[in-house]
Amino acid sequence: MKTLTVISGKGGTGKTSIVASFAYLADNKVLADCDVDAADLHLLLHPEVKKSYNFKGGKTAVINKDKCTQCGKCEKVCQFEAIKNFEVDSLSCEGCSLCMHICPADAIKMEEKITGWVYISHTKYGPLVHAKLGIAEGNSGKLVTRVRTLAEEIAREKGAEIILIDGSPGIGCPVIASLTGADLALIVTEPTLSGISDLERVGGVCDHFGIRWVVCINKFDINRENTEKIEKECERRNIKVVGKIPFDINFIHALVKGLPLIEYSSNESKSQIENMWQEILNLL
Amino acid sequence: MTISVASGKGGTGKTTVATNLALALNDNVQFLDCDVEAPNAFIFLRPTLNDVKPVYSFFPQVVEEKCNFCGLCSKICEWNAIAVVNKKWLFFSQLCHSCSACWQLCPEKALKKEKKLKGVVEKGKAFGIDFVQGKLTVGEAVSPPIIKAVKKEINKEKIVIIDVAPGTGCPMVEGVKESDFCILVTEPTPFGFNDLILAIGVLKELTIPFGVVINRSDIGDDKVEDFCRKNNIPVLLRLPFDRKIARAYSEGKAIVKEDKSWKEKFIELFEKIKEEYQNTERAKV
């Protein structure tokens, strides 16, 4: 069983469109949408939800006014500035429980809260594990870990060969959580200065955790000089560029139709994605 | 006035809108790049940075002579960042949220706090703009403390423009928090629409007034426009898809600098925001 995580650093480079096309191409796989705070893969794969779970990803401190003696100790120890005037700001509270432990009047309780929902779904491409983060809830890293480990369990049960993970933009908790245990990361970038800067950073995260990574340059013909720069830098660092996809308005048309590009059109982009998938299979 | 620029979906044009708005106004503007995981505004604003502040977080370290391996720290840690097994104290720094519970509650006072660099806040000038950006150290997981450190620099005397991280999780919430108005940048695709609705959910929860900018407004479908119309959400600006704009973006060029007519459009955008903001303030009274 091998895991491929698709990430990007910069948002909007085409991660989800590419994962959806891989979903069509890959045999015997389990899919996981680990971009839990802006999940979009379901819009292309049209899952039929088979099981759903509440996800209790955190706690919030609640102060019992009757017991509170207004000593102010909780406010002083809180590292998140979540207590002001003997009231808890639940958006700032990270649920560490320190205030509860420290309160001399036993006036603080921690309440578990549902911070999201996890779904196991059937799609015509195979099983999909996905999630929804509650509105303005934190701890998305924990939810990502839940999605990823569920996908692993299903893959083991079914004897699946590949787990395909759609990651989130950035370089923080959700990205790190989606990279844990990956055999290979595919970084989808674009030939813009922003794309290059963020590629550098997210590639650094893969290096930091010792995860092998390869690159796909999407919309490569938007700026060919920048594409060359990325290719040269990758070559210098011995990193494989496994795909170069031209700017293609069909990605948008396919999206509007709710289809992976590869099912929608048969053009250069399609053959590029097919070649890229073969390369990745060889590397996994 | 503090204006945050957020999006839900990544790559819709937050940085384009935020930097061009700042450049169009130029005077009396402070720009904060709060997308500390992938900051890109510097590419378009080209600031001269003259001040760097480190952002540290604290973590526990065991003093072996004092520790009796009671395991309390491991039990109370909500993030499972500490394990005590076979008279060994183990720490997983990636999971630590620096809440301080372990070292404050250790009965033997066997944990001391150490500090670790988690990122930096950099300040400088870009044209007439006061520029501040945060950068999370590569390999670190938790970005909100860096975002908070950037926002500590807010100068209320100025028009403050905040470039926020994509998504709807903690970095986005931390970025938009306490702003007077939020611009949500989207694109007319099913992804853009889906994530716009999620982002609107967060802003409603935080009671921050908002309007929408539609980027690449001439591609995709009409769902974003229809939704905004039906729900009385102001569409503040539409940016058509233009390969020339995409090319300029790829080279780190700001469109208001390339084309005067865009400067006017961004000034108009600011006027609309002021109007929207005043309307909601009046409604409160």
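**Exercise 1.** Which strands of chain A does helix α7 (residues 193-208) of chain A lie across, and at about what angle does it run to β9(A)?

*Solution.* The model examined here is a predicted one. Helix α7 of chain A lies across β1 (2-7), β9 (184-189) and β10 of chain A, and its direction makes an angle of about 170° with β9(A). Helix α5 (residues 140-158) of chain A lies across β2 (29-33), β3, β6 (108-123), β7 (126-133) and β8 (162-166) of chain A, and runs at about 165° to β7(A).

**Exercise 2.** Work out in which order the strands of the open sheet in chain A are arranged, and which strands stand at its edges.

*Solution.* The sheet has 9 strands, in the order β3-β6-β7-β2-β8-β1-β9-β10-β11 (chain A), with mixed pairing. At the edges stand β3 (48-63) and β11 (241-245) of chain A, and because each has a single partner strand, one side of each is left without a neighbour in the sheet. On average, neighbouring strands of this sheet are turned by 20° against each other, direction ignored.

**Exercise 3.** Describe how helix α1 (residues 15-25) of chain A meets helix α11 (residues 268-283) of chain A.

*Solution.* The axes of α1(A) and α11(A) come within 10 Å and cross at roughly 70°, which means that α1(A) is roughly perpendicular to α11(A). On the side of α1(A), the contact is made by A:I18, A:S21, A:F22 and A:L25, whereas α11(A) supplies A:I273, A:E274 and A:W277. These residues divide into 5 nonpolar, 1 polar and 1 charged.

**Exercise 4.** Identify the residues that touch the most other members of the largest nonpolar core, and characterise the side of chain A that touches chain B.

*Solution.* The largest nonpolar core has 149 residues, of which A:V147, A:L164, B:V5, B:A22, B:F31, B:I161 and B:L184 touch the most other members. Helix α7 (residues 190-205) of chain B gives the most to this core, with 8 residues. A second, separate core of 28 residues includes A:I63, A:I83, B:V62 and B:I82.

Turning to the contact between the chains, 51 residues of chain A are in contact with 53 residues of chain B. The largest share of the chain A side, 8 residues, comes from α7(A), and the residues of that side divide into 21 nonpolar, 23 polar and 7 charged.

Key. Residues numbered from 1 in each chain as written. Chains lettered and ligands numbered in written order. Predicted model: local features only at pLDDT ≥ 70, side-chain atom pairs only at ≥ 80, totals over all residues. Pairing = 2+ DSSP bridges. Helix = DSSP H or I, 4+ residues; strand = E, 2+ residues; numbered from the N terminus. Axes fitted to C-alpha atoms, helices over the stretch in contact; angles between N-to-C directions. Contact = placed C-beta atoms within 7 Å. Core = buried A, V, L, I, M, F, W, Y, C linked by C-beta atoms within 7 Å. Buried ≥ 20, exposed ≤ 12 C-beta atoms within 10 Å, placed from the backbone. Nonpolar A, V, L, I, M, F, W, Y, C, P; charged D, E, K, R; others polar. Parallel < 35°, antiparallel > 145°, perpendicular 65-115°, else oblique.
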